[in-house]
Amino acid sequence: MPTHAARTRRRTHPPEIRDPHDLRACECPMAAIREESYDDEYDGQYHGPCAAGFVLEHGEGDGIPPFDYDELEELALRFREDRRTRGIQEANTDWVSGPLDEWLDGLDGDRCPDRATLMAFAAGMHETLAIRDALILSLVVDERHCPKSQLMEFAARPHRARTKKAMGRLLTWAFEDEGLVPDEDRCRIGVDILLEMAVASPVPYCIQPLAVVSYVLWWLGDPKAAVFALQCLLLDEDCSLAAMIFSASDRGIAPAWCKARTLAAGR
């Protein structure tokens, strides 16, 4: 596990889920994606890469060179100011449209997203979890049911009632329908890309890529989901998505397709 600096109030286990809303969310992590708040103060101001210990799921190679902390900070500041100036919808749309094309091409095996794209995602996810959620949907639901136009809605207009309803419907369907089996190759490629992004990114920019990795591995029924969720919590105890995935893994909560596979194997 990486050993770099974490928060002052560092925990070695996920926070307890106290309110009833959070407890219900843990019954279905697929429906638990929502906005979180962040505290960006870290011990020692660690600006190095989120290094060590991660093995790529689907490929080989030494990965990409580490991202520069100051460069990521500059990107995030530019994005934040654009959101304030032009509004969330326009700024998010312009920020994510090109990178999302490269991401989808990468999932199809056409080409790997370049360094600038990965940095845009790392900075973007740190500023708004709507971008993170769009990446999750791109892996959990195939392009027939969730094309790029829908992913752009999730990334750029997350607070619209229609967008929230569509996301909830897709995630609940993915969780409850045992016939919806993941495209494992596509998901593993996505996990590899996200791990490269996380390993290259300094704290706090590595946290959300790791949270997506934990979510996708949980969706695949991979026990390593809990390992990555715990890593997120060691870096940021307030990462509620990681807490929910850790809790779901610990309690044996899994998508319907995983349960159906387990039942079939036991016959």
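Colleague: In what order do the elements of the protein chain run from the N terminus on?

Modeller: They run α-α-α-α-α-α-α-α-α-α-α-α. That is 12 helices and zero strands. Helices (H or I, at least four residues) and strands (E, at least two) are DSSP runs, numbered from the N terminus. This is a predicted model, in which local features need pLDDT of at least 70 and side-chain atom pairs count only at pLDDT 80 or more, while totals for chains, interfaces and linings use all residues. Residues are numbered from 1 along each chain as its sequence is written, and side-chain values use heavy atoms, with hydrogens and water left out.

Colleague: What share of the protein chain do buried residues make up?

Modeller: Start with the cut-offs. Buried means under 20% relative accessible area, exposed over 50%, and partly exposed in between (1.4 Å probe, protein chains only). Here, buried residues make up 53% of the 267 residues.

Colleague: What percentage of the contacts with a separation of 6 or more comes from residues 24 or more positions apart?

Modeller: A contact means heavy atoms within 4.5 Å. In the protein chain, residues 24 or more positions apart account for 78% of the contacts with a separation of 6 or more.

Colleague: Where does the kink in H3 lie?

Modeller: The bend at a residue is the angle between axes fitted to the seven residues ending there and the seven starting there. In H3 the kink lies at Ser 97, shortly before the proline Pro 99, and is about 35°. Just after H3, Gly 109 takes a positive phi of about 80°.

Colleague: Which residues of H3 are buried, and what covers them?

Modeller: Among the buried ones are Trp 95, Pro 99, Glu 102, Trp 103 and Leu 107. Their cover includes helix H2 (69-86), helix H4 (115-127), helix H5 (129-140), helix H6 (148-156) and helix H8 (184-200).

Colleague: Which residues touch the most other members of the largest nonpolar core?

Modeller: A nonpolar core is a set of buried Ala, Val, Leu, Ile, Met, Phe, Trp, Tyr and Cys residues joined through side-chain atoms within 4.5 Å. The largest one has 79 residues, and Trp 103, Leu 137 and Phe 154 touch the most other members. H9 gives the most to this core, with 11 residues. Look at Trp 103 itself. Not counting residues up to four places away in sequence, Trp 103 touches Pro 113, Phe 121, Leu 135, Ser 138, Leu 139, Gly 190, Ile 193 and Leu 194.

Colleague: How many salt bridges does the structure hold?

Modeller: A salt bridge is a side-chain nitrogen of Lys or Arg within 4 Å of a carboxyl oxygen of Asp or Glu. The structure holds 14. In one of them, the side chains of Arg 80 and Glu 127 meet at 2.9 Å, N to O. Arg 80 lies in helix H2 and Glu 127 in helix H4, so the pair ties together parts that are 47 residues apart in sequence. Arg 80 is partly exposed, with a relative accessible area of 28%.

Colleague: Are Arg 188 and Asp 222 buried or exposed?

Modeller: Both are buried. They form a salt bridge, with the closest N and O atoms 2.9 Å apart. Arg 188 lies in helix H8 and Asp 222 in the loop between helix H9 (207-220) and helix H10 (224-235), so the pair ties together parts that are 34 residues apart in sequence.

Colleague: Where does Arg 157 lie?

Modeller: Arg 157 lies in the loop between H6 and helix H7 (161-176). A polar contact is a pair of N or O atoms within 3.5 Å; within protein, one must be able to donate a hydrogen and the other to accept it, and residues adjacent in sequence count only if both atoms are side-chain atoms. The side chain of Arg 157 makes one with the side chain of Glu 153, at 2.8 Å. Leaving aside neighbours within four places in sequence, Arg 157 is in contact with Gln 89, Met 152 and Thr 163.

Colleague: How many residues of H10 are buried?

Modeller: Nine of its 12 are, so H10 is mostly covered. What covers them includes H8, H9 and helix H11 (240-251).
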